[in-house]
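Trainee: Please give me a close look at a single part of this model, and then connect that part with what lies around it.

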Amino acid sequence: MLKRLAYLALCACAPLHAAPSMDESRLQALAADPYWIALGHYETGKLGGWRSYVDDDRFFLAQDGAHHPDRELAATLEALYAPASKGDQHAQCVYPARTRWLREQLQLSDLPSPDCAEYKRWFEDVSPHSAVLIFPAAYLNSPSSMFGHTLLRIDQADVQSNETALLSYAVNFGAYIEGNDNSILYAWKGLMGGYPGLFAFVPYQEKLSEYRSLENRDLWEYRLNLTPEETGRMVEHIWELKQIRFDYFFFDENCSYRLLELLQVARPSLDLTSHFPLTAIPTDTVKAVKKAGLVERVDYRPSRERELLARAEPLDKAEQQQVLAVAADTGKLQSPEFTALPKPRQALVQDAAYRLERYRATGQERDADQARRSFELLRAINRNPPPPLEIERPGLPEDGHESRTWQLGVGTREDRAFAEYGLRMAYHDLNDNAYGFPLGAQIEILQLKLRQYEGNDWQVQRLDLATIRSLTPRNDLLKPWSWQVSGGLERVPGKHDDEVLVSHVNGGAGGTWKLGDDMLGFALGTVRVEHHNDFAQFIAPAAGFNTGVLWRNGLGNLSVEAKGDYFTNGEVRRSLSLNQQWELSDSLGLRLSAKREFSQLATAQNEVMLELKWYNY
Amino acid sequence: MKRILLGTLFTAVSINAMAQAPGGPDCGWGNMLFEGQRGTPAHFLASTTNGTSGNATFGMTSGTNGCSTNAALTYGGKSWFAMNGMMNELSEDMAKGQGEALTTYAVVLGVAPEDRAHFAAVTHQHFQDIFKTADITAEDVHNNTLAVLKSDARLAKYATPA
């Protein structure tokens with residue numbers, strides 16, 4: 001009897017809870033399908049075979065699923081048929097995207113139906129309908145932000161008609177930082193892959209205040225033409241990545257790459273990731289997405305700092321002083337100086353003062369006095385509201401020049417002619433084609449220049465590891481410091497009028513002022529350490545200055561600079577230089593450079609060069 | 001909705017899911033106006049690696065600022081808890097009589113599109129009744145808003161959501 005019961009039970013259960021048997025070739029074909037590869041975040045391994053970017057055992061159902069898409073597929077298929085009583089732990093609840101795809105591919109009509117309460121609640125809360133690619137643009141005073149970041153926003157159905165983007169969620173991929181590593185270790189580990197990458201799903205509002213207020217970055221919103229169905233597919237897959245650890249490397253396996261993968265899950269016909277062989281820079285993400293025809297429209301949200309500056313822009317000197325006075329002491333709202341202003345001007349001053357107060361409060365703990373001042377200003381604004389702030393949209397960041405630059409120059413140094421060949425891996429200098437970049441920002445990574453003098457005489461002219469310059473103008477309201485650092489190898493005047501290759505690190509700090517609409521003047525104090533073969537010391541320190549003018553004109557950017565380094569060993573090295581860019585096209589620029597160098601070790605040297613720059617990739 | 005909230009607030013010790021009621025320890029409900037900004041990048045280069053420290057949130061909890069809510073949700077799964085994180089923006093918009101946070105507030109309160117301009121005008125006019133002090137909390141702002149809506153013939157219907 002017992003035996004018969006057991007037999008019956010077996011018969012009853014087997015067809016119910018077993019995955020359909022599938023022949024090997026069908027399984028292999030399915031497992032090689034680009035969609036399955038995308039869902040598992042597989043890439044072809046260096047030595048053939050597959051490996052997944054996911055670095056987390058919890059993501060895989062098969063023991064060696066990270067390296068075997070086919071075994072993972074077989075294991076998934078089996079798990080889909082587990083008893084429905086597993087509830088939220090059921091594979092169908094944990095892997096909704098895999099489930100949907102396999103169900104469609106294999107017409108699985110007999111799957112158990114677990115109650116995925118947790119997942120359903122989450123999905124309803126998100127209610128995906130459309131998606132927006134978010135790109136926080138570079139902030140001048142934080143050149144590391146130049147590489148940017150991209151995230152996705154998931155909108156509900158009526159976000160556009162209701163203007164409720166503030167209620168949407170943002171999908172963010174970033175390094176997951178644990179413990180209390182110090183800053184240096186943090187930066188190093190972040191760059192070298194010491195932290196795992198994780199997806200987070202946070203209110204868009206939080207991300208907005210992070211970028212617009214804390215970091216003062218403008219935000220660009222690219223509304224994508226994904227259908228509700230495509231958006232839903234992507235969000236299903238994002239659920240599968242909840243708390244799942246990825247490899248994270250700053251240069252390639254970063255946010256940009258992960259987001260492109262997500263878009264491919266949304267719309268399988270897209271091929272975005274294969275265009276990113278080496279490094280994925282966020283602007284490139286935007287370009288790739290745009291090129292694929294995904295962008296429906298572009299919106300711009302200025303940073304809080306830009307809003308403050310725009311509000312203060314029409315104010316004259318005396319009114320700006322009023323802004324400072326009123327922000328410091330709201331009692332001054334009753335002062336004769338303030339009340340003498342016409343009402344509309346008072347409205348502007350009050351608003352600027354409020355914005356200045358909030359700008360200063362950014363990133364600080366709540367301060368009761370400051371809160372009271374802000375509140376008083378709000379009450380004043382309420383009585384006399386300013387007109388809405390209109391801010392002109394700057395150039396689209398993705399239309400700025402490409403990052404990798406090839407350079408070909410011809411010139412003369414004193415009476416010797418030369419040709420110069422250069423390659424820069426990234427990104428932008430003060431004179432480069434300006435569209436989409438702020439004036440006064442420079443960040444260059446890895447630049448090599450080789451020079452060929454007459455008589456086939458070759459030399460390394462310079463090797464820059466990194467050059468960063470941040471020339472942010474000061475005004476009555478905001479007084480940022482300007483600064484610069486650079487390091488590498490370069491040629492400087494040496495004995496017998498030779499050009500000597502030295503290794504150096506230098507930096508400076510100072511101020512920048514707006515001299516005109518498109519003109520900046522800057523003055524920085526500098527320090528430098530250098531290893532120079534003509535010096536007795538192994539390492540020679542110097543202090544000096546670097547000052548100049550930067551002017552955006554009809555041709556391109558012009559810079560005129562004077563520099564001086566006063567070494568402790570008596571050497572004094574100074575130079576005057578002029579650079580004018582002629583912007584030929586989006587991807588081509590012609591630069592005229594002239595320089596005169598003075599040194600205690602050599603006679604003054606003149607150099608003139610005409611250089612073609614090709615912004616290639 | 002308000003009744004449910006008050007009910008849970010005054011429930012002594014609860015062993016069910018409502019333990020995490022508004023005002024609970026994990027719940028950001030009741031942010032004060034001009035609260036310091038959270039999420040300050042504590043590390044150099046935070047913007048470079050786009051790091052997140054702490055628990056990587058995954059929606060839901062943070063959408064309601066850590067408050068688990070069984071209260072009726074007014075708008076596409078979003079309650080006006082969401083406004084808790086936008087208090088500064090809301091106060092500024094309301095003082096000026098227009099802006100995205102103010103529109104959002106109208107939407108989560110269930111104000112129909114044709115009444116939103118009127119809502120903006122009325123709340124602007126009554127800004128000082130709604131934002132009474134510099135250290136007002138989100139909860140009081142909400143209560144004061146409902147009081148203002150009640151006294152307006154056209155908006156009174158939004159003051160007592162079903």
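Mentor: P397(A) is buried, because 21 other C-beta atoms lie within 10 Å; a residue counts as buried with 20 or more other C-beta atoms within 10 Å of its own, as exposed with 12 or fewer, and as partly exposed in between, the C-beta atoms being placed from the backbone. This is a predicted model, in which local features need pLDDT of at least 70 and side-chain atom pairs count only at pLDDT 80 or more, while totals for chains, interfaces and linings use all residues. Residues are numbered from 1 along each chain as its sequence is written, and chains are lettered from A and ligands numbered from 1 in the order in which they are written.

Helices (H or I, at least four residues) and strands (E, at least two) are DSSP runs numbered from the N terminus. Although P397(A) and F135(A) are 262 residues apart along the chain, their C-alpha atoms are separated by 9.1 Å. Apart from neighbours within four places in sequence, P397(A) has contacts with F135(A), A137(A), W220(A), T283(A) and G436(A); a contact requires C-beta atoms, placed from the backbone, within 7 Å.

UniProt lists residues 397-615 of chain A, in an unreviewed entry, as "domain: DUF7840". Its positions follow the numbering used here, feature names are shortened, and annotations may be inferred rather than shown by experiment. The span of residues 397-615 is 0% helix and 70% strand, and its end C-alpha atoms lie 15 Å apart.

The axes of α17(A) (residues 343-361) and α18(A) (residues 368-383) come within 9 Å and cross at roughly 155°. That angle makes α17(A) roughly antiparallel to α18(A). Axes are lines fitted to C-alpha atoms, for helices over the stretch in contact, and angles run from 0 to 180 degrees between N-to-C directions; under 35 degrees counts as roughly parallel, over 145 as roughly antiparallel, 65 to 115 as roughly perpendicular and the rest as oblique. The crossing of α17(A) and α18(A) is left-handed; a crossing has this hand if the near helix is turned anticlockwise from the far one by less than a right angle, and is right-handed if clockwise. Residues of α17(A) in the contact include Y354(A) and R358(A), and those of α18(A) include L377(A) and I381(A). By class, the contact of α17(A) with α18(A) has seven nonpolar, three polar and four charged residues. Here Ala, Val, Leu, Ile, Met, Phe, Trp, Tyr, Cys and Pro count as nonpolar, Asp, Glu, Lys and Arg as charged, and the others, Gly among them, as polar.

Another part of chain A also carries a record. For residues 28-105 of chain A, UniProt gives "domain: DUF7843", from an unreviewed entry. This span is 46% helix and 8% strand, with its end C-alpha atoms 13 Å apart. V54(A) is in the loop between β2 (50-52) and α4 of chain A, and V54(A) counts as buried because it has 22 C-beta neighbours inside 10 Å. V54(A) and G40(A) are 14 residues apart in sequence, and their C-alpha atoms are 7.7 Å apart in space. Beyond neighbours within four places in sequence, the contacts of V54(A) are H41(A), F59(A), A66(A), I244(A) and F246(A).

In helix α6(A) (residues 96-106), the buried residues are P96(A), A97(A), R98(A), T99(A), W101(A) and L102(A). Among the elements that cover them are α4 (69-80), α7 (117-126), α11 and α12 of chain A. After α6(A) comes Q107(A), with a positive phi near 45°.

Of the elements named as cover, α11(A) (residues 228-240) and α12(A) (residues 255-266) have axes that come within 7 Å and cross at roughly 125°. These two helices, α11(A) and α12(A), are therefore oblique to each other, and α11(A) passes α12(A) in a right-handed crossing. Residues including M234(A) and I238(A) in α11(A) meet L262(A), V265(A) and A266(A) in α12(A).

For the whole chain, chain A has 18 helices and 21 strands, and 41% of its 617 residues are buried. Of the contacts in chain A with a separation of 6 or more, 62% join residues 24 or more positions apart.

Terms used. Contact = placed C-beta atoms within 7 Å.
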